[in-house]
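Thanks for coming. I will go through one structure today and keep to what can be computed from its atoms.

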Amino acid sequence: MKHLPKHLQPRWRYLAVGIETWPDADLDRGSFQRDLWYAAQNLYGDAGSAEADLTVLSFHFTEGDGETIVRAHRGTEERARAAIAALDSIDGHPVGVRVRGISGTVRACEERYLNGRTGHGQQRDVVFENESTPAVVRDTRVDVEVEEGFAGATRLDFE
Amino acid sequence: MYEAVHAYPDGASTAARFAATAERYGYDGVVVRADDASPEYGRLRESLSVDVVDAAEIVASDPQHASGAVGNARTKHTVVIVAGGTNALNRFAVEQARVDVLARPFEGTVNGDDRNGPNGRNGNGNGDGDVNHVLAKAARDNDVRIEVNLGPVLRDRGGRRVRHLRKLRKLKQLLDHYDAPYVVSANPTSHLKLRAPRELGAVGEEIGLGAEWTRAGLEAWDRLVARNRERLSESFIAPGVERGRYEEDD
């Protein structure tokens, strides 16, 4: 089909989203998109979801750290932000999400807000609560394996 | 802007991890609602660029038990928070001028094995507490802030969330009408449950609380912390009365 004349083409805004999880989580674009749709639908219904038309574009995720671009219609950025905030877990893995910024083009969004540095976690043993436990260390962040899953800490807690 | 968090062992992340995450998210600091947690506040404040406030969260089954704990905590901590959840506890908290914040008036501390319950620590959304015009007026007169808990809005689904939203709308109406003080928090139990102020504002707008109103609730923590620190400082005698040099008039 012939594409629309320029003045009728939809106007988009691109939200750069930072993602953080426990080190054992395994996410991909599909699961993120599905849970984002569910979050939007649960928060403002089918009509609102169609209006915002949230689509996940590029998705990078490794070892508990990730970043992605979410596309929304111009004028619905704040609704999109609310849906992203209501994204509590993906495939049962709890996620921390944060909108780093909003741009008018994918390229500006990538250049400004995405840095491509993901992953590089190191397995190490730390002393937590007077016991030696395995942990994953990512720069200053330390995720300690405990009975109920993980406990979040920083290097400060082990000095 | 501050977020009031449940730090390890009350929650799943340490106060330091919360503070580091809050710094990235644009908060000025975190208020640690300590029940069992006891981070080294002095050291954390020195090594981090955000503020870490020592607060006590009093979790009791009835007003008699809470009353003693409030007296103990008042002199030791900057901020005193009472977890509500039953009508008796809610009423007790708002009628005590010694209490700073009535937390989770609806869902409270219903027992649950999951320490990361969706509604803040142990709260599973089945609390039977309520807030009415009597409590709102008492809260205004005693300067007790009622907490607007956004936790279930972010982390619950379906009927429980709908019921919670209905309660929040009613609470906002009461708070606005009686001009009662309030604070907003998402009750995060791990650093992954923390959300940036703008995100909470957007959620507030979406559920009918208003973005500005939500942000004002986050900023209310700043004023509370500043006021209490001043009161705990050595030069403070009574409101308006301080020990020290005269203020220069010019």
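**The contact between the chains**

Chain A gives 27 residues to the contact and chain B gives 27 residues, where two residues count as in contact if their C-beta atoms, placed from the backbone, lie within 7 Å. A word on conventions: this is a predicted model, in which local features need pLDDT of at least 70 and side-chain atom pairs count only at pLDDT 80 or more, while totals for chains, interfaces and linings use all residues. Residues are numbered from 1 along each chain as its sequence is written, and chains are lettered from A and ligands numbered from 1 in the order in which they are written.

On the side of chain A that touches chain B, the elements giving two or more residues are β1 (12–21), α1 (29–52), α2 (77–85), β5 (93–103) and β9 (149–154) of chain A. Element names follow DSSP runs, numbered from the N terminus: helices are H or I with at least four residues, strands are E with at least two. The largest share on that side, six residues, is that of α2(A). Sorted by class, the side has twelve nonpolar, six polar and nine charged residues. Here Ala, Val, Leu, Ile, Met, Phe, Trp, Tyr, Cys and Pro count as nonpolar, Asp, Glu, Lys and Arg as charged, and the others, Gly among them, as polar.

**A sheet in chain A**

Chain A has an open sheet of four strands in the order β6-β7-β8-β9, with antiparallel pairing; two strands pair if DSSP finds at least two bridges between them. β6 and β9 of chain A are at the edges with a single partner strand each, so one side of each has no neighbour in the sheet. From one strand to the next the twist averages 35°. Axes are lines fitted to C-alpha atoms, for helices over the stretch in contact, and angles run from 0 to 180 degrees between N-to-C directions.

Strand β8 (residues 141–146) of chain A pairs with β9(A) over six bridges, in the antiparallel sense. Within that pair, Val146(A) stands opposite Gly149(A) in β9(A). The other chain comes in here: α1(B) packs on the sheet and touches β8 and β9 of chain A, its direction making about 70° with that of β9(A).

**The sheet in chain B**

In chain B, seven strands form an open sheet in the order β1-β2-β3-β4-β5-β6-β7, and the pairing is parallel. Its edge strands are β1 and β7 of chain B, each with a single partner strand, so one side of each is left without a neighbour in the sheet. Direction ignored, neighbouring strands are turned by 30° against each other on average.

β1(B) is joined to strand β2 (residues 29–34) of chain B by four bridges, and the two run parallel. Glu3(B) has Val30(B) as its bridge partner in β2(B), and Ala4(B) has Val31(B). How many of the six residues of β2(B) are buried? Six of the six, buried meaning that 20 or more other C-beta atoms lie within 10 Å of the residue's own, exposed that 12 or fewer do, and partly exposed anything in between, with C-beta atoms placed from the backbone. In a regular strand the side chains alternate between the two faces of the sheet. In β2(B), Gly29(B), Val31(B) and Arg33(B) are buried on one side, and Val30(B), Val32(B) and Ala34(B) on the other.

**Helix α7 of chain B**

**Backbone exceptions**

Most residues other than glycine have a negative phi, and most peptide bonds are trans. Asp179(B), which follows α7(B), has a positive phi near 55°. Asn187(B) has a positive phi near 50°; it is in the loop between β7 and α8 (197–206) of chain B. Glu129(A), with a positive phi of about 55°, lies in the loop between β6 (122–128) and β7 (131–138) of chain A.

Last, the peptide bond joining Tyr8(B) and Pro9(B) is cis, with omega about 5°. Pro9(B) is in the loop between β1 (2–5) and α1 (15–25) of chain B.
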